[in-house]
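Dear colleague,

I am writing to hand over a structure for your study. Please look through the sequence and the coordinates shown here before you read the notes below them.

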Amino acid sequence: MTSGHFEISAPGICGGTVQPALMENAMSCHLIQVTVVAVFGIASDMLKAPTRSRAPVAFARQVAMYVAYVSFGLSLTEVGRLFGRDRTTAGYVCRTVEDRRDDPAFDGMVTAIEHVVCACRQAADSRWETLN
């Protein structure tokens, strides 16, 4: 990570009125990105690069997009938007990652990432319930 913070690129996040669902999706995306950056050992700014990047970075981004789609049920349009890609790219990524899950090692890694981000999301939800 660059400065210990991870900037989320989603329309409406920086200024203006933010709809609760958009903020919730952005938080989920942030959890996924932080987890994937840690697992793959890449810089956060590389994960969000607008270009395809090197293969390991592109691969990490694909896993992050897939987890956003599967674990949090975001639409392909929303996944694409949150990762600076379009809906068709998000769909291609999800199909590609799903096809690779036949490999037990890869499947185990993706499952572990899914569990981590879901646990973090549940903890965040519990914290908000406690505070309200």
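The notes below describe what was found, beginning with the model as a whole and ending with single residues.

Please keep in mind that this is a predicted model. The mean pLDDT, which is the predictor's confidence in each residue on a scale from 0 to 100, is 79 for the protein. Of the residues, 78% reach a pLDDT of 70 or more. Over residues 1–20 the pLDDT is below 50. Even so, this stretch has 33 contacts in the model beyond near neighbours in sequence. Among the elements, helix α1, residues 20–40, has the lowest mean pLDDT, at 80. The highest mean pLDDT, 96, belongs to α5.

The overall architecture comes next. The secondary structure consists of 6 helices and 0 strands. Read from the N terminus, the order of elements is therefore simply α-α-α-α-α-α. The protein has 132 residues, and 37% of them count as buried. Among contacts between residues at least 6 apart in sequence, 61% join residues that are at least 24 apart.

The aromatic rings deserve a careful look. How many aromatic pairs are there? The count comes to 2. In one of these pairs, the ring centres of F40 and F59 are 5.5 Å apart and the ring planes stand at 80°. Planes over 60 degrees apart count as edge-to-face, so the pair of F40 and F59 is edge-to-face. This pair links distant parts of the chain, with F40 in helix α1 and F59 in helix α3, 19 residues apart. F40 has a relative accessible area of 21% and is partly exposed.

The rings of F59 and F106 also pair, with their centres 5.6 Å apart and their planes at 40°. Taken together, the ring pairs link F40, F59 and F106 into a cluster.

The next topic is the largest pocket. Its space comes to about 210 Å³. Which residues line the largest pocket? They are P50, T51, R52, A58, R61, Q62, M65, R85, T89, Y92 and V93. By type, the lining divides into 5 nonpolar, 3 polar and 3 charged residues. Helices α3 (55–72) and α5 (87–100) each supply at least two residues of this lining. The most comes from α3, which gives 4 residues.

A few single residues complete the account. Each of them can be found in the model by its number.

R121 is found in helix α6. Is R121 buried or exposed? With 9% relative accessibility, R121 counts as buried. Leaving aside its neighbours within four places in sequence, R121 is in contact with E24, M27, S28, L31 and F72.

C118 is also found in helix α6. The relative accessible area of C118 is 26%, and C118 is partly exposed. C118 and V67 are 51 residues apart in sequence, while their C-alpha atoms are 9.9 Å apart in space.

H30 has its place in helix α1. H30 counts as partly exposed, at 24% relative accessibility. The C-alpha atoms of H30 and A64 are separated by 9.9 Å, and these residues are 34 apart along the chain.

D86 lies in the loop between α4 (76–82) and α5. What is the relative accessible area of D86? The value is 40%, and D86 is partly exposed. Between the C-alpha atoms of D86 and L76, which are 10 residues apart along the chain, the separation is 8.1 Å.

With kind regards,

A colleague

How values were computed
Residues are numbered from 1 along each chain as its sequence is written. This is a predicted model: local features need pLDDT of at least 70, side-chain atom pairs count only at pLDDT 80 or more; totals for chains, interfaces and linings use all residues. Side-chain values use heavy atoms; hydrogens and water are left out. On a 1 Å grid over the protein atoms alone, a cavity is a set of points where a 1.4 Å probe fits but cannot get out, and a pocket is an open set with protein on both sides within 12 Å along at least five of seven lines; lining residues have an atom within 4 Å of a point. Grid points are joined across faces, edges and corners, and a volume is the space filled by probe spheres set on the points. Ala, Val, Leu, Ile, Met, Phe, Trp, Tyr, Cys and Pro count as nonpolar, Asp, Glu, Lys and Arg as charged, and the others, Gly among them, as polar. Contact means heavy atoms within 4.5 Å. Rings of Phe, Tyr and Trp (its six-membered ring) pair if their centres lie within 6.5 Å; planes under 30 degrees apart count as stacked, over 60 as edge-to-face and the rest as tilted. Buried means under 20% relative accessible area, exposed over 50%, partly exposed in between (1.4 Å probe, protein chains only).
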